Amino acid sequence: MRQEEIWDAETAQRYDTPGTGMFAPEVLGPTVDRLAALAGDGRALEFAVGTGRVAVPLAERGVPVTGIELSVPMVERLRTKADEATIPVVVGDMATATAPGEYTLVYLVYNTISNLLDQAEQVACFRNAARHLRPGGRFVIELWVPELRKLPPGQQAMVWCAEPAYIGLDTYDVLRQQVVSHHFRFGEGREARLGRSPHRYIWPAELDLMGQLAGFELEARHADWSGAEFTAESRSHVSVYRLPG
């Protein structure tokens, strides 16, 4: 499964869920608040900008936002909300594509760095972020914590969500640090729709080392965008890396 095949026109059309899920105000509001504060009076660059879930409200807050996005259908969906002058987008891989100008903030939300399927690509993503930042600039990553403690010995799959019309489960390859998320959606009939996405999971300590290789220092890590304490039980984290000033 290549990323271009996953983020196709069908996915782009059903990606937005206004007011619910990751588009819910209680999810999106703290995200935009924190990013706006980190951007300050500078410009922001979003890796994997998608349909503009975060970029559009951040731009509405007065932060100049540019995006890099691999999927043309996702960019086309974004264009129904904001034109090129409002949110410029470079079509390309976030590990290698370059956007013009210099930024105070580069950010990657909703686990997207795990879409890069090997360690070298993930390190290249950090280096690409550093390439775009001015001295003292920040790179922010939102990422889930691998839940291998819930995986019994000898078992490769774990159900992480079970709802009346949806089941989500992950299958792990712990040798290669790979996981495939399976999303089963169904109604009252016998048929179900399956969507799958591959990822390479990253431990927080490994993420910090990637940052060091690109010249970053870890400035802060919290369990969410509101600044809750990150603990051993946290299921995800928001990590802020900073280049030396």
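Y166 has R185 of β8 as its bridge partner. Strand β8 covers residues 178-186 and pairs with β7 antiparallel, over eight bridges. Two strands count as paired if DSSP finds at least two bridges between them. Strands are DSSP runs of E with at least two residues, helices are runs of H or I with at least four, and both are numbered from the N terminus. This is a predicted model, where local features need pLDDT of at least 70, side-chain atom pairs count only at pLDDT 80 or more, and totals for chains, interfaces and linings use all residues. Residues are numbered from 1 along each chain as its sequence is written, and side-chain values use heavy atoms, with hydrogens and water left out.

The hairpin of β7 and β8 has four residues between its strands, and Q177 there takes a positive phi near 60°. β7 (residues 166-173) also runs antiparallel to β6 (residues 157-163), joined by six bridges. A162 stands opposite I167 in β7.

The largest nonpolar core has 34 residues. Such a core is a set of buried Ala, Val, Leu, Ile, Met, Phe, Trp, Tyr and Cys residues joined through side-chain atoms within 4.5 Å. Buried means under 20% relative accessible area, exposed over 50%, and partly exposed in between (1.4 Å probe, protein chains only). F47, I113, C125, F126, F139, L207 and F216 have the most contacts inside this core. β1, β4, α6, β5 and α7 each give two or more residues to it. Another core, of 27 residues, lies apart and includes V54 and V238.
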